[in-house]
Amino acid sequence: MSDAQTPQNQDRTLEQALTNKIIDDYFEHSESWLRAILRMCIFSLAHLDGKPVFVVECPNQAVAKRLSRKTYPFRGIVYYLTDYLDGHDRTLFCYREVKSGKWHCYDSSTQSWKTLSNLQTPTASTDSQ
């Protein structure tokens with residue numbers, strides 16, 4: 001996720017500004033609780049298995065699990081951002097475990113949780129929760 005893409009991992013001002021812009025534009029008619037919880041997250045695009053995936057980096061497990069139960073508002077956002085129109089609207093809702101440094105992600109395409117060492121590796125290990 002951000003490790004490989006961000007030279008200064010502590011300074012994510014631009015990513016947060018872009019995330020806020022997407023929330024303001026794309027989620028303006030969503031429930032206020034959803035907009036508030038999304039402002040704690042960072043949005044990014046990654047590629048897994050050669051296909052784009054919309055990534056929601058959550059601050060903790062509770063936020064990731066809550067968003068994983070509300071995937072409908074995220075359908076189509078990959079199209080909105082990339083014009084990728086082959087029927088894939090895959091979203092990962094992820095949080096990073098502090099001790100291990102691994103990412104735990106809910107994958108909307110399989111409706112299951114996976115453990116990924118990083119999102120740049122398409123052959124990441126999987127762990128159902």
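Modeller: Helices (H or I, at least four residues) and strands (E, at least two) are DSSP runs, numbered from the N terminus. In this structure, lysine 114 is found in strand 5, residues 112-116. The model is predicted, so local features need pLDDT of at least 70 and side-chain atom pairs count only at pLDDT 80 or more, while totals for chains, interfaces and linings use all residues. Residues are numbered from 1 along each chain as its sequence is written, and side-chain values use heavy atoms, with hydrogens and water left out.

Colleague: Is lysine 114 buried or exposed?

Modeller: Buried means under 20% relative accessible area, exposed over 50%, and partly exposed in between (1.4 Å probe, protein chains only). Lysine 114 has 18% relative accessibility and therefore counts as buried.

Colleague: Which side chain does lysine 114 join in a polar contact?

Modeller: A polar contact is a pair of N or O atoms within 3.5 Å; within protein, one must be able to donate a hydrogen and the other to accept it, and residues adjacent in sequence count only if both atoms are side-chain atoms. Here the partner of lysine 114 is the side chain of aspartate 107, at 3.5 Å.

Colleague: How many salt bridges does the count come to?

Modeller: A salt bridge is a side-chain nitrogen of Lys or Arg within 4 Å of a carboxyl oxygen of Asp or Glu. By this rule the count is seven. One of them pairs arginine 12 with glutamate 15, with 2.7 Å between the closest N and O atoms. Glutamate 15 is buried, at a relative accessible area of 18%, and arginine 12 is buried at 16%.

Colleague: What does the salt bridge between glutamate 57 and arginine 12 tie together?

Modeller: The closest N and O atoms of glutamate 57 and arginine 12 are 3.0 Å apart. Glutamate 57 lies in strand 2 (residues 51-57) and arginine 12 in the loop between helix 1 (2-5) and helix 2 (13-26), so the pair ties together parts that are 45 residues apart in sequence. Both residues of this pair, glutamate 57 and arginine 12, are buried.

Colleague: Where do the partners of the salt bridge between glutamate 31 and lysine 70 lie?

Modeller: Their side chains meet at 3.1 Å, N to O. Glutamate 31 is in the loop between helix 2 and helix 3 (32-38), and lysine 70 is in the loop between helix 4 (61-68) and helix 5 (77-82), 39 residues apart. Salt bridges that share partners also join Arg12, Glu15 and Glu57 into one network.
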